[in-house]
Structure formats: C-alpha cells, structure tokens
Amino acid sequence: MAVNANIKKVRTSDLELKDRLVSIQRVTKVTKGGRTFSFSAIVVVGNENGVVGYGLGKASEVTSAIAKGVEDAKKNLVKIPVLKGTIPHAQEAKFGGSRVLIKPAAPGTGVIAGGAMRAVLESVGVHNVLAKSKGSSNPHNLVKATVKALIELRDAYSVAQVRGISLTKVFNG
C-alpha cells in the first residue's frame, strides 16, 4: 500500500507528550469460581504540535491499564502536517465500521468533533477543524480511523517534492 510509505515514525525522546484517556472498559470473565474483572483503556498521546499516537492497555487495575496504554501509544507515534492550527485539506478514512470526515476550518472555529475524535485532534495540536463521525461510534475503531485520516494528509511541500515541481506551481496548476 502506498500510504504506508508516507508514514513518518517519530522517536519518543525529547518530546513533551501529553496523554488523554479516550475510554475505559470493564471486562468480565466468568469462571467456575465466579467473576473476574479486568480493564482495558484506550489512550492517545501527543505533543500538540503535529505528533500523535494511540495505544491499548489491559490490566486487572485501572491505573496499570492506563499506564500500559500510554507505553503502547509512545511506541506508535506519527508526524501529522498541521498548518496554522488546522489541517491542509479535507480527508475521509474508514476503519472497521467507523467512517470519519475531517475538514479544515477558519481560525476561531475550534475543534468541532465528538469524544474519541476530539481527543486525537487535540493531541495532534489542531485548533480549528470540522469533524464528523459516520457509522460505528466504537472508540477503538474511531481512534484508528481518525489517525488513519490524519496520516493520509499531505501538505503542499511534500506534494511539490513528490511531483518534482516548485511550491508555487502546486497552487497555480
């Protein structure tokens, strides 16, 4: 797939990462001896300057599940192009049953997005964006679809570089 070649992996060193908890689920395993509870947590980390990652942590306690989620998220960081507090262009993506649509917005609009998408977009550092979730609202798939849409974004500089033309020619045709 051509998209995977554009993924810009980022190292965790020298980054000020902030983590956001997207959702926690209590999972029950029923055995002969009774019920055993465990927790799964989806966490999004980002430096609010174009770097984001997500992770899933599972443990028998909430705090350790969140900690495992943060560690997993730090292993999956990617660089996203952010221009003047918004995204370069509109983008759609799908993961599982979740479909997302993200559009750039004018300054002062704010982050217009729901739960799981909002956490991802705020972690990236996007301040003005319109986002719509279509289909499933499952937080796992919604986070993955949002990150997929953000990875597929390309700024004008990278488009010019791929085509081998100047930046002005990209805009003027």
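How many bridges pair strand 5 with strand 6, and in which sense, parallel or antiparallel, do the two strands run? They pair over 5 bridges in the antiparallel sense, and this pairing belongs to an open sheet of 4 strands whose order is 5-6-8-7. The model described here is predicted.

**The open sheet**

- Strands of a sheet pair through backbone hydrogen bonds, and the pairing can be either parallel or antiparallel.
- In the open sheet with the order 5-6-8-7 the pairing is mixed. Strand 5 (91-95) and strand 7 are found at its edges with a single partner strand each, so one side of each has no neighbour in the sheet.
- Strand 6 and strand 8 run antiparallel and are joined by 7 bridges, and serine 98 has glycine 135 in strand 8 as its bridge partner.
- Strand 7 (residues 111-112) runs parallel to strand 8, with 2 bridges between them, and here valine 111 stands opposite valine 129 of strand 8.

- Strand 1 (residues 18-31) and strand 2 are antiparallel and joined by 13 bridges; the two form a hairpin with 2 residues between them, and leucine 21 stands opposite valine 43 in strand 2.
- Strand 2 also pairs with strand 3 in the antiparallel sense, over 8 bridges, and in this pairing glycine 46 stands opposite valine 52 in strand 3.
- The hairpin formed by strand 2 and strand 3 has 4 residues between the strands, and glutamate 48, in the turn, has a positive phi of about 60°.
- Most residues other than glycine have a negative phi, whereas glutamate 48 is a residue other than glycine with a positive value.

**Salt bridges**

- Side chains of opposite charge can pair when their charged atoms come close, and the structure holds 4 salt bridges.
- Glutamate 48 forms a salt bridge with lysine 18, in which the closest N and O atoms are 3.4 Å apart. This pair links distant parts of the chain, since glutamate 48 lies in the loop between strand 2 and strand 3 while lysine 18 lies in strand 1, 30 residues apart.
- Glutamate 48 also meets arginine 20 in a salt bridge, at 3.1 Å from N to O. Arginine 20 is in strand 1 and glutamate 48 in the loop between strands 2 and 3, so this pair ties together parts that are 28 residues apart in sequence.
- Is each of these residues buried, exposed or partly exposed? Glutamate 48 is partly exposed at 30% relative accessible area, as is lysine 18 at 48%, and arginine 20 is partly exposed at 23%.
- Arginine 118 and glutamate 122 meet in another salt bridge, at 3.3 Å from N to O; because they are 4 residues apart in helix 2, about one helical turn separates them.
- Salt bridges that share partners join Lys18, Arg20, Glu48, Arg118 and Glu122 into one network.

**Helix 2**

- Helix 2 (residues 115-124) is mostly covered, with 7 of its 10 residues buried, among them Ala116, Met117 and Leu121.
- By contrast, arginine 118 is partly exposed at 31% relative accessible area, and glutamate 122 is partly exposed at 26%.
- After helix 2 comes glycine 125, which has a positive phi near 105°.

**A patch of positive charge**

- Lys94, Arg99, Lys103, Lys132, Lys134 and Lys148 gather on the surface in a patch of positive charge, to which strand 6 (98-104) and strand 8 (129-135) each supply at least two residues.
- Lysine 132 has its place in strand 8, and at 49% relative accessibility it counts as partly exposed.

**Residues in loops**

- Lysine 84 lies in the loop between strand 4 (78-79) and strand 5, and has a positive phi of about 50° although it is not a glycine. At 83% relative accessibility, lysine 84 counts as exposed.
- Leucine 153 lies in the loop between helix 3 (139-151) and helix 4 (156-163), and counts as buried at 1% relative accessibility.
- Leucine 153 and proline 81 are 72 residues apart in sequence, and their C-alpha atoms are 7.0 Å apart in space.

Technical notes:
Residues are numbered from 1 along each chain as its sequence is written. This is a predicted model: local features need pLDDT of at least 70, side-chain atom pairs count only at pLDDT 80 or more; totals for chains, interfaces and linings use all residues. Side-chain values use heavy atoms; hydrogens and water are left out. Buried means under 20% relative accessible area, exposed over 50%, partly exposed in between (1.4 Å probe, protein chains only). Patches are made of residues with over 30% relative accessible area and no salt bridge: like charges are joined within 9 Å, nonpolar side chains (Val, Leu, Ile, Met, Phe, Trp, Tyr) within 5 Å. Accessible areas come from the Shrake-Rupley method with a 1.4 Å probe; for residues, only the protein chains shown count as cover. A salt bridge is a side-chain nitrogen of Lys or Arg within 4 Å of a carboxyl oxygen of Asp or Glu. Lys and Arg count as positive and Asp and Glu as negative; His and the chain ends are not counted. The place of a charge is taken as NZ of Lys, CZ of Arg, CG of Asp or CD of Glu. Two strands pair if DSSP finds at least two bridges between them.
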